[in-house]
Amino acid sequence: MSDHAGYIFAAFAVTAVVVAVMLGRILLDHRSLTRALAKLPPRGEGDGA
Amino acid sequence: MLKYANPTYFLRLTAAVLPWLWGAAGLTLGLGLYMTFAVAPADYQQGETVRIMYIHVPAAWLSMFAYTVMTLSALGTLVWRHPLADASQQAAAPLGAGFTFICLVTGSLWGKPMWGTWWVWDARLTSVLVLFLIYLGLIALWNTIEEPLKAARAAAILTLVGVVNIPIIKFSVDWWNTLHQPASVLRMGGPAIHPTMLWPLLVMALGASLLFVCLHLMAIRNEILRRRLRRLSYLAAEAADHGLEPPVEAGA
Amino acid sequence: MRALAALFRRELRLSNRAGGGGAMGVVFFLILVTITPFAIGPDLNLLARIGPAILWIAALLSTLLGLDRLFMSDHEDGSLDLLEMSDAPMELVVLVKCLAHWAVTGLPLVVATPLFGLMLALEGDALWGVAASLAAGTPALTFIGAIGAALTVSLRRGGLLMAILVLPFTVPVLIFGVSAASAASGGTVPFLTPFLILCALSLGSMALAPFAAAAALRSGD
């Protein structure tokens, strides 16, 4: 790697962070949704959303 | 076809498929990263910085792919009024914005050593910036309208307006700034890029697309669950109201 | 047809009665033109060079300013529902409302432009170039803005959201408007090329935007 290694590293790091944020947001969202659904009484199943 | 479009069936199907898709995405991206750093040569003009291209170009491709997915889902919303299309639209918007952001930042990080500045008002960069703004507008629209069905139809209309407009914006920005290098991967008469650089790029593009599909499917699952939660809590609130009615009347 | 003509007259009368929306737009336009030299300095050469751009951005912002009221007041007092129930298709109603809105807000801007251009040291050809490009381009701004106004009609604080939704789509109008205006005072491009594209943008948005805006209004209820 030449003297531009910092830019290359920064580009890959930013990409990793953005993808991680997108994935993390989805996972956290999923956890809170399934928890909220589990609390509700089981009704209206089977007809889809 | 209708069977696949049933949300409950969709949840079961994606639960079975997602681990395999994640595996495929991980393997492809791993191979792509290996090729990016070990196989692909440094460019004779741009040196090592050309390695940024292997994430910049797939991100640019996904920024347009996500918009295509949103367009098809918008048609599903407006023509068939299908809840799965609504969920797909809503799930794709933040992902599209994310990959467009990656495209802009990596382009800037590539531009600094190559052009000497963080940002040039080059036609392609500027078009991508406008696309990013359109994504942000769509996300703002989704967040502002509370009722999911209304929000889906409004977002669908705005997405379709964008489809008509994006080529015009692209054309006008090109006209505004004709001083930029021609697109080199999809050039007429075959790619101009050397095979040792093309293969890592294609593998990375495939891996990034698989990643997008995984994230998109997971986000659609969330939106289905959110709509189900919304409906069930209404039902629960209604049931609670009925349960409370007799004592209230007895007290009155 | 007579109903639509009546609607057009109603829109004009309403905007005149409610404090003169057109006059306010022109005042806002004048204020924007006035404060720009404070930001960039009173150098007349510089002002003459970027004058067309200043006038165009001022026109863009003052067009946006009045647009959020395009459907909102009718939505609030229920007359939008009446218009929707009438025999005239919603697309034509939107078209007529946009034309009336342009006649009240866009046209005064075009008329005022040569005068304000003088303040920015524009001369002869450049003045008429800016006025002509605004006359050809502001209808496109109104029609594109109408889509945003229709999408945000039922939201209480829709003004800022409308600007965020609409402004990216006005990029082509701005690009060709400013190039036509600059080309009029000499340049590498002939005046007619960007000017005709600008006319095409206005006619195209006039043909397509009513459908999108009408669909958005229908989906709102």
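**Exercises on the two interfaces of chain B**

Chain B and chain C bury about 2,000 Å² between them, and 85% of this lies on carbon and sulfur atoms; buried area is the accessible area (1.4 Å probe) that two parts lose on being put together, summed over both. The model is predicted, so local features need pLDDT of at least 70 and side-chain atom pairs pLDDT 80 or more, while totals for chains, interfaces and linings use all residues. Residues are numbered from 1 along each chain as written, chains are lettered from A in the order written, and side-chain values use heavy atoms, without hydrogens and water.

**Exercise 1.** Describe the side of chain B that touches chain C.

Step 1. Count the residues in contact (heavy atoms within 4.5 Å): chain B gives 25 and chain C gives 23.

Step 2. Look for salt bridges, where a side-chain nitrogen of Lys or Arg lies within 4 Å of a carboxyl oxygen of Asp or Glu.

Step 3. Find the elements, which are DSSP runs numbered from the N terminus (helices: H or I, at least four residues; strands: E, at least two). Helix H5 (123–144) and helix H6 (148–176) of chain B each give two or more residues to the side that touches chain C. H6(B) gives the most, with 16 residues.

Step 4. Sort by class: Ala, Val, Leu, Ile, Met, Phe, Trp, Tyr, Cys and Pro are nonpolar, Asp, Glu, Lys and Arg are charged, and the others, Gly among them, are polar. This side of chain B has 18 nonpolar, five polar and two charged residues.

**Exercise 2.** Describe the side of chain B that touches chain A.

Step 1. The contact takes 40 residues from chain B and 30 from chain A. Chain B and chain A bury about 3,300 Å², 79% of it on carbon and sulfur atoms.

Step 2. The rule finds one salt bridge across the interface of chain B and chain A. The side chains that form this salt bridge are those of B:Arg226 and A:Asp29, at 2.7 Å from N to O.

Step 3. In chain B, helix H2 (7–39), helix H4 (83–115) and helix H7 (195–251) each supply at least two residues of the side that touches chain A. H7(B) gives the most, with 17 residues.

Step 4. By class, this side of chain B has 26 nonpolar, seven polar and seven charged residues.
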